[in-house]
Structures are given as C-alpha cells and as structure tokens.
Amino acid sequence: MQGVLVTGDDFSALEVRPELGRWIGPDDDLPSDPLGAVAVVSHRFWHTRMSGETSALGRKLILNQAVYTVVGVMPDSFRGMQPDERPDVFLPLELEPVVDGAFNLIKAGPRASWILAGGRLRDGVSREQANAFLKTNSARFFDRPPEHSSLIAEPGERGLSFLRLRFSKPLMVMMGLVAL
C-alpha cells in the first residue's frame, strides 16, 4: 500500500472535494496523541479494500502498528500532487514520526528534500512576482545561498511529475533526432 503524508491545508489548496466524508484539515495535522489520528483513503482503496461501502467512514485502519480512523474518501479522478503515483491512503504530515518510526524525517528541517511544497497564488499576484519573491526569500527557508534555492512557481494543473521533470528534455532531443 502506498501512502502520502499531507498537511492540513493540502486538499483545500488543491481545491478538491472528497467523494465521501471530509478531508484532512488543519486540526488533524497537529502534534498530538496518535490515538486520534485520521486517514483519508483513495477511491480505489475504498472499493478494493472496503467494498465501496459508505460505512467505511469511521472504520479503523492499522498501518505500521498505529490506528487511524477513516474520515474521507477521495474521488476516483484524484491522484494527488504527483500524477505518476496513485496513493492509497493520505495521513497528516505531523504523524510522520509515528508512520516512519525512528527515522522521523520531519526533524531533518530544511534538509527534508522528500517534502513537495505547493501553493496557490493570491489573486492579483503573477507567477513572475511569485518567482521574484521566492528568489529573494527562499534562501532563509533552506539555510543556503539564493543561487542554490530550488523553489520556483510553476503551473500546477498537471501536478508535479518527477518522470516528466527528469525525462522530458532527453525525450524531446530524441524525438528531434528521429524527426531529422
């Protein structure tokens, strides 16, 4: 089973509504007793593992010896921020130490390269303005010089695909060679 850790604002920022129940919200993403932990499941997981029943809400899931209460089911069309992945379950980011045990990647701080950040531009703010802000301010987030900052504002309608980022240029070159 593939899981994704999300902040309490992820689903609202992506403007996606759950098919059933609710999403993980800010109150769910607080450091607290893991006994009150919640989970949102994918449509596929809901159908294959929970028989697609509406009674799935409130059911308990045991993942890595921790108990989570199912509070929502995402629509079938939802893939998350990475369209080349299909997560089965979404859990609050603050529970990462519970999920990953001794690793506790949250304590990596600015070196937590496994975290994907996304956001929505305020009305009236252009992508160029956002990139100018990120260029001048992101160094303090990463504790490194501005020229080594990796934050940029890009359109997110297709999600963030590491495969697309890694292979789009080589594939374009290869297609150009084939065309020649």
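This is a predicted model: local features need pLDDT of at least 70, side-chain atom pairs count only at pLDDT 80 or more; totals for chains, interfaces and linings use all residues.
Apart from the core described next lies another core, of 11 residues, which includes W23, V71, F78 and F90.

The largest nonpolar core has 18 residues, and V89 is one of those that touch the most other members, together with V41, W46, M50, L61, Y68 and L91. Two or more residues of this core are given by each of the elements β3 (38-41), α2 (43-50), β4 (60-63), β5 and β6. The largest share, four residues, comes from β5. As general background, nonpolar side chains in soluble globular proteins tend to be buried together.

D88 is placed in the loop between β5 (66-73) and β6 (89-92). Is D88 buried or exposed? With a relative accessibility of 12%, D88 counts as buried, because the cut-off for that class is under 20%. Not counting residues up to four places away in sequence, D88 touches M1, Q2, V40, V41, S42, R44 and F45.

R44 and D88 form a salt bridge, in which the closest N and O atoms are 2.9 Å apart. Since R44 lies in helix α2 and D88 in the loop between β5 and β6, the pair ties together parts that are 44 residues apart in sequence. R44 itself is partly exposed, at 34% relative accessibility, whereas D88 is buried.

How many salt bridges does the model hold? The count comes to three. Side chains of opposite charge can pair when their charged atoms come close. Besides the pair of R44 and D88, a salt bridge joins the side chains of R86 and D76, at 3.9 Å from N to O. R86 and D76 both lie in the loop between β5 and β6, so this pair ties together parts that are 10 residues apart in sequence. R86 is partly exposed, its relative accessible area being 34%, and D76 also counts as partly exposed, at 41%. A further salt bridge brings together the side chains of R22 and D28, with 2.6 Å from N to O. R22 is partly exposed, with 37% relative accessible area.

Attention now turns to the surface. The residues L171, M174 and V178 form a nonpolar patch there, and together they have about 310 Å² of accessible area. V178 is placed in helix α5, which covers residues 162-179. A relative accessibility of 69% makes V178 an exposed residue, because the exposed class begins over 50%.

I152 lies in the loop between α4 (127-142) and α5, and its relative accessible area of 56% counts as exposed. Which residues does I152 contact, leaving aside its neighbours within four places in sequence? The contacts of I152 are N131 and L134. The C-alpha atoms of I152 and A130 are separated by 8.0 Å, while the two residues are 22 residues apart along the chain.

How values were computed
Residues are numbered from 1 along each chain as its sequence is written. Side-chain values use heavy atoms; hydrogens and water are left out. Buried means under 20% relative accessible area, exposed over 50%, partly exposed in between (1.4 Å probe, protein chains only). Contact means heavy atoms within 4.5 Å. Patches are made of residues with over 30% relative accessible area and no salt bridge: like charges are joined within 9 Å, nonpolar side chains (Val, Leu, Ile, Met, Phe, Trp, Tyr) within 5 Å. Accessible areas come from the Shrake-Rupley method with a 1.4 Å probe; for residues, only the protein chains shown count as cover. A salt bridge is a side-chain nitrogen of Lys or Arg within 4 Å of a carboxyl oxygen of Asp or Glu. A nonpolar core is a set of buried Ala, Val, Leu, Ile, Met, Phe, Trp, Tyr and Cys residues joined through side-chain atoms within 4.5 Å.
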